[in-house]
Amino acid sequence: MAAKKLLILPGDGIGQEVMVQVRRIIDWMGKKRNIEFEITEGLIGGSAFDATGTPLPQETLDAALAADAVLLGAVGGPKWDDLPFDKKPERGLLGIRKEMGLFANLRPATVFDALVDASTLKSEVVSGLDIMIVRELTGGLYFGQPRGIETLPNGERKGVNTLTYTTSEIQRIGRAAFDLARKRNKKLTSVDKANVLECTVLWREEMIKLQQTEYPDVQLEHMYVDNASMQLVRNPKQFDVMVTENMFGDILSDCAAMLTGSLGMLPSASLGAADANGNRKALYEPVHGSAPDIAGKDIANPLATILSFSMCLRYSFNMVAEADLIETAVKNVLKGGLRTADIMSPGKAKVSTTVMGEAIVRELDKLS
Ligand code: NAI
Ligand code: MG
């Protein structure tokens, strides 16, 4: 098998520190499982701006388009706050997502047994929680035209954003979600606001058509977004895979994230269209940012990025056994009591980024 091409973009702040720990795991996979990655490292964000004058150098973009998968740390920080909008670190991230055509954002919310006490919700509500939110990422309200702020003839100002989706945009995100549901528990909840927004009436119609023609084995239910937000907090375990429009997904995925207790635990994947061989462009990154308040102190939680790498193995490289192995190692290390400072577990010793990374590698050794 040809070596898998992996582009690593540590970015800024804690992005660089957590990526060091992921590198240990990649090395381990090479040595102990004979899995060779062809790794390139590149610049993005503020550190790219400092070195090259742009947050997304052409070289990085070319490498991203040539790679089988991209693993990203985080970008941004106060050092670059005063830059013009198009030079800001965050533009690098938006730019790479757009150029790679990443229209499906997968955000799992998983509650590890050892961390039920870290959630703000009652443990019986969240224990065993394992849901996946699929957010449409390149269309909808955040991109629809017309948009902007205009001045009316009477002098009043008017702000406009537009919710638009074409049938092909709905179908491709629908298929991504149905495919996932098929691999998991064959249940998909499509979230819309079809009682008020025509665009989401179309969304619902297309989801129903997909289910009837291509995914009859997957159970499809529909829920209005306002109800979905209540249900996520009331009884999140009723869900398995949820699929929704860009802005609805932005809000619901942050809400679901907090059911799990810590931002430092949350991975994500963003997928593009499949080519003729079924390969998709893909970018994996933790949900958190560059955390300038704790950067350089070796206290950041590396697990979100380690779990993002595990999603990369699962979804881009079809290495399900290795992905499971990493997830089991994370579970076991947490069960053993290790916590980084961001995890609100009473009475547990707090360990550094490095110690957490080393512990995961030791656990991988034990498991294999
Ligand atoms: P943030 O996610 O960087 O930090 C929020 C809070 O969570 C901070 O107190 C931080 O210390 C803590 N935290 C985050 N990740 C952690 C981890 N792995 N371990 C322990 N604690 C962790 O979000 P914030 O503060 O709003 O933004 C900081 C910078 O990051 C800004 O420049 C922002 O634009 C950028 N950002 C970048 C993102 C990305 O690269 N995908 C996403 C969100 C923000
Ligand atoms: Mg958000």
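1. Let's start with how helix H11 passes helix H12: the crossing is right-handed. A crossing gets that name if the near helix is turned clockwise from the far one by less than a right angle, and is left-handed if the turn is anticlockwise. H11 covers residues 320-335 and H12 covers residues 353-367, and they pack at an angle of about 115° with their axes 9 Å apart. H11 and H12 are therefore roughly perpendicular to each other. For the cut-offs, angles of 65 to 115 degrees count as roughly perpendicular, under 35 as roughly parallel, over 145 as roughly antiparallel, and the rest as oblique.

2. Before going on, keep in mind that this is a predicted model, where local features need pLDDT of at least 70, side-chain atom pairs count only at pLDDT 80 or more, and totals for chains, interfaces and linings use all residues. Residues are numbered from 1 along each chain as its sequence is written, while chains are lettered from A and ligands numbered from 1 in the order in which they are written. Helices (H or I, at least four residues) and strands (E, at least two) are DSSP runs, numbered from the N terminus. Axes are lines fitted to C-alpha atoms, for helices over the stretch in contact, and angles run from 0 to 180 degrees between N-to-C directions.

3. Which residues make the contact between H11 and H12? On the H11 side look for Leu325, Thr328, Ala329, Val330, Asn332 and Val333, and on the H12 side for Ala359, Ile360, Glu363, Leu364 and Leu367. Being in contact here takes C-beta atoms, placed from the backbone, within 7 Å. Sorted by class, there are 8 nonpolar, 2 polar and 1 charged residues. Ala, Val, Leu, Ile, Met, Phe, Trp, Tyr, Cys and Pro count as nonpolar, Asp, Glu, Lys and Arg as charged, and the others, Gly among them, as polar.

4. H11 also meets H10, and their axes come within 7 Å and cross at roughly 160°. H10 and H11 are therefore roughly antiparallel to each other. This time the crossing is left-handed. H10 brings Leu303, Ile306, Leu307, Ser310, Leu313 and Arg314, while H11 brings Val320, Glu322, Ala323, Ile326, Glu327 and Val330. The class count is 8 nonpolar, 1 polar and 3 charged residues.

5. H1 passes H10 in a right-handed crossing. Val18, Met19, Gln21, Val22 and Ile25 of H1 touch Thr305, Ile306 and Phe309 of H10. This contact has 6 nonpolar, 2 polar and no charged residues.

6. Now for ligand 1: how many residues surround it? There are 22, and the closest are Gly76, Gly264, His288, Gly289 and Asp342. To be counted, a residue needs its C-beta atom, placed from the backbone, within 6 Å of the molecule. The shell has 10 nonpolar, 8 polar and 4 charged residues.

7. The peptide bond from Gln145 to Pro146 is cis, with omega near -5°, and Pro146 sits in strand E6 (residues 144-151). Lys186, a residue other than glycine, has a positive phi, near 60°. Look for Lys186 in the loop between helix H6 (167-183) and strand E8 (187-192).

Note on methods:
Two residues are in contact if their C-beta atoms, placed from the backbone, lie within 7 Å.
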